[in-house]
Protein chains: 2
Amino acid sequence: MALAAETRDDAQGLAFTEAAAQLKSALRHELDATNEVILAHLGSRVHLIPEVAKHLIGAGGKRLRPLIALASAKIAGADMTNARYLAAAVELIHAATLLHDDVVDDSALRRGFKTANVVFGNKESVLVGDFLFARAFELMVKTGQLPVLNLLSRASCTISEGEVLQLETQGNIETTEAMHLDVIRAKTAMLFEAAARAGAISSGPSDAEEALGSYAENFGIAYQLVDDALDYGHGALGLGKTIGDDFRERKMTMPVILAYRAARTDEEREFWREAFSRGDADFDRAKSLIERDGIGKAALEHAQGFADLAVNALTALPDHPLKDVLREMAAASAERPF
Amino acid sequence: MALAAETRDDAQGLAFTEAAAQLKSALRHELDATNEVILAHLGSRVHLIPEVAKHLIGAGGKRLRPLIALASAKIAGADMTNARYLAAAVELIHAATLLHDDVVDDSALRRGFKTANVVFGNKESVLVGDFLFARAFELMVKTGQLPVLNLLSRASCTISEGEVLQLETQGNIETTEAMHLDVIRAKTAMLFEAAARAGAISSGPSDAEEALGSYAENFGIAYQLVDDALDYGHGALGLGKTIGDDFRERKMTMPVILAYRAARTDEEREFWREAFSRGDADFDRAKSLIERDGIGKAALEHAQGFADLAVNALTALPDHPLKDVLREMAAASAERPF
């Protein structure tokens, strides 16, 4: 079980994995077409560009953001050619931010594979990220919908803001729950929300935009909160990210905010302060304090609150088979995976 | 004269400086308004973002790209509100690439000031660059012109390709003139060209687009070739970039390509090969070889050829006072500044 203790699967709980697979299967045809659009737009006469891009994008990932964009487009009754361009653009923006994230965080592993910055270098990751971001806008232009471009350029600003905010809270043990939710909303939930909204309006205005946007935003928050909790927990067997990454990078996340608040002695408070100001602290101790105080459970309950908001947002929409699948996925997102 | 030997002014020759000042003065009102648009769009609730952005954008620069965009819009008779958004967007794209460039090149000085990566850090520069890029697209959306967005998203792809190409030629002494021109066209001339074209069509199609695009592309190539030559030459007195940066970074530029070809002995060829494969070589020797063989002059003649093409491109345009100023600036761009 050494592997299980050291790594975790990217997927959250089993019910979530199943719900995501159901969404993928319901949209199989559209997702395949979107993947083709993505591949066709990674091409460049500069060979290193598709090489770096395919290293990341080819390494898998759940394609949650394009799936949400495609589902939203279907529910809104949008033209699917536009929706595919849009879904591909959203995945390229996501890929660009991952490339830059891994440089900024100096990460070595993603989805069980060496990161692009390790394989190709930081410089290459920065520049290919820029290329993917530009390509994403080229794809959006193809939809011919200025509101889509407006939405996603604003969302991209917000994502960078969230990344800088995260950098500012890094190592700061006094980070509050509100500050952390602010980071999560900007850096993660914004792109989920923008994917849903843009999908809904990818061929014109849609009454479904608000509800889908609200669904995706709250789902995104729940998703990130669970992801943060997993970094201190035990993942399913299988290759995935190493656990303890956030701790080693002194990234403030909900389990730490809650554990610091729950600390019983000055010595414990000092442990957390030191761990996040100087780094290089004892991860096993952090994990055991989090376990002792039931923080993992509390963090997941927190996530559950947002999952419930996501589910509720859907009630404003007319019936649609994909609506049920989206509901399923959000409901399962905060399920205790360990 | 120690300062003159160590640093150079960003400005090329005196006639060029005067021509650029003339363009600035002819467009003073529009440029001021554009600067206001830029400032208004650097705002963010995350204070570090305007701080990093203003460190770079406030540090001056000739604003050549927005000036070319504004001049093109005027010549094409475009609506100037759109043109200002567009000119601001072009400058933000330029600023984003500079932030990322300085990270990629590990540069310490730009325009005589410490670079943002030195003052704020690499991570901050990468993320704020992303923010500026996203903001640029937000500004472009305000023009309501999809062809402008199409043009500039494609140009942004090409710029990243050029940066990656440059990374690939770095340290490779066998880089040919053609390869280097390819890099220059993509990483520098493309944004000049896109600024001119987008300016011309910033409120709708224009017959002036082709001529202005061709002017700006060739002007951009001349401008970069002179910039490359200056890195091995003596600049005007005043604070500027240190010279020898390209050499130390093993960046292949025209003077080196020509000097390697002109080498008289195997020992000299070996000197260049070593200098660009291992780095850490004798800059004074490189400079004296370049001087001995009149390479500085040859590189500037090379630039002059492109300046001539830029001037010729303007003949297709109807008479306009700004056309004369643009002609003046291109004609002076390859003037020997030392």
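In this predicted model, the axes of helix H6 (residues 80–105) of chain A and helix H10 (residues 177–200) of chain A come within 10 Å and cross at roughly 165 degrees, the axes being lines fitted to C-alpha atoms over the stretch in contact, with angles from 0 to 180 degrees between N-to-C directions. Helices are DSSP runs (H or I, at least four residues) numbered from the N terminus. The angle makes H6(A) roughly antiparallel to H10(A), a label for angles over 145 degrees.

| Helix pair | Axes come within | Crossing angle | Handedness |
|---|---|---|---|
| H6(A) and H10(A) | 10 Å | roughly 165 degrees | right-handed |
| H13(A), residues 254–262, and H14(A), residues 266–277 | 8 Å | roughly 145 degrees | left-handed |

A crossing is left-handed if the near helix is turned anticlockwise from the far one by less than a right angle, and right-handed if clockwise.

Contact means heavy atoms within 4.5 Å. On H6(A), Leu86(A), Val90(A), Ile93(A) and His94(A) meet Leu191(A), Ala195(A), Ala198(A) and Gly199(A) of H10(A), a set with six nonpolar, two polar and no charged residues. Ala, Val, Leu, Ile, Met, Phe, Trp, Tyr, Cys and Pro count as nonpolar, Asp, Glu, Lys and Arg as charged, and the others, Gly among them, as polar. On H13(A), Val256(A), Ala259(A) and Tyr260(A) meet Arg269(A), Trp272(A), Arg273(A) and Phe276(A) of H14(A), and this contact divides into five nonpolar, no polar and two charged residues.

The lining of the largest pocket includes Asp106(A), Lys123(A), Asp106(B) and Lys123(B), and its residues divide into five nonpolar, two polar and four charged. H8(A) gives the most to this lining, with three residues.

Residues are numbered from 1 along each chain as written, and chains are lettered from A and ligands numbered from 1 in written order. Local features need pLDDT of at least 70 and side-chain atom pairs pLDDT 80 or more, while totals for chains, interfaces and linings use all residues, and side-chain values use heavy atoms, without hydrogens and water.

Conventions:
Helices (H or I, at least four residues) and strands (E, at least two) are DSSP runs, numbered from the N terminus. Angles under 35 degrees count as roughly parallel, over 145 as roughly antiparallel, 65 to 115 as roughly perpendicular and the rest as oblique. On a 1 Å grid over the protein atoms alone, a cavity is a set of points where a 1.4 Å probe fits but cannot get out, and a pocket is an open set with protein on both sides within 12 Å along at least five of seven lines; lining residues have an atom within 4 Å of a point.
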